Amino acid sequence: MSLTGYSPLGRSMNRAFDQMFNDDFFRGGVCPYWARIPHERSFDLGSALGGVQNTPEKFAVSVDVSHFKPDEIKVNLNGNELTIEGEHEEKTDQHGTIKRSFVRKFVLPEDTNLDSLRSSLSDKGHLTIEAPKKTQALTQSRAIPITRG
């Protein structure tokens, strides 16, 4: 119950504010895309910057590099640190100029077979880097029999 009594203007104003600031307002095109990310995912940058798959069978990384030419991308391995870099010089388009660059680093798990690391670039600009995990046979020493031949 209102202390000021009934007011048709006040009631219509309340309804207007309720309609304007409901969830549909924030999901629509009025707010920027980053404001529409659910709160529980607000710090989930991994999906935006690349996917990581770490299973008992393999370690894989997928990164969207569609804004870069293949010769503008570098993949390096230093010890067990994988570095993916992309950079292109300033370009002019219909909106002005743009220069893009990124560096993404991953520490590979100890059981990753670094000698089998491989990368591939899809036609849609998705870079995938993967390596199988070492099997028990590779991580444990074993005797190799000598045969006469």
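Mentor: Glu130 is found in strand 7, residues 126–132; strands (E, at least two residues) and helices (H or I, at least four) are DSSP runs, numbered from the N terminus. The model is predicted, so local features need pLDDT of at least 70 and side-chain atom pairs count only at pLDDT 80 or more, while totals for chains, interfaces and linings use all residues. Residues are numbered from 1 along each chain as its sequence is written, and side-chain values use heavy atoms, with hydrogens and water left out.

Leaving aside residues up to four places away in sequence, Glu130 touches Lys58, Phe59, Ala60, Ser116, Leu117 and Arg118, where contact means heavy atoms within 4.5 Å. Two of these neighbours form salt bridges with Glu130: Lys58 and Arg118. A salt bridge here is a side-chain nitrogen of Lys or Arg within 4 Å of a carboxyl oxygen of Asp or Glu. Side chains of opposite charge can pair when their charged atoms come close.

The side chains of Lys58 and Glu130 meet at 3.3 Å, N to O. This pair links distant parts of the chain, with Lys58 in strand 2 (residues 58–64) and Glu130 in strand 7, 72 residues apart. Lys58 counts as partly exposed because its relative accessibility is 26%; buried means under 20% relative accessible area, exposed over 50%, and partly exposed in between (1.4 Å probe, protein chains only).

For Glu130 and Arg118, the N to O distance is 2.8 Å. That pair too links distant parts of the chain: Glu130 lies in strand 7 and Arg118 in strand 6, 12 residues apart. With 49% relative accessibility, Arg118 also counts as partly exposed. Taken together, Lys58, Arg118 and Glu130 are linked in a network of salt bridges.

The structure holds 4 salt bridges. Another one of them joins the side chains of Asp111 and Lys133 at 3.5 Å, N to O. Asp111 is partly exposed, at a relative accessible area of 34%, whereas Lys133 counts as buried because its relative accessibility is 9%.
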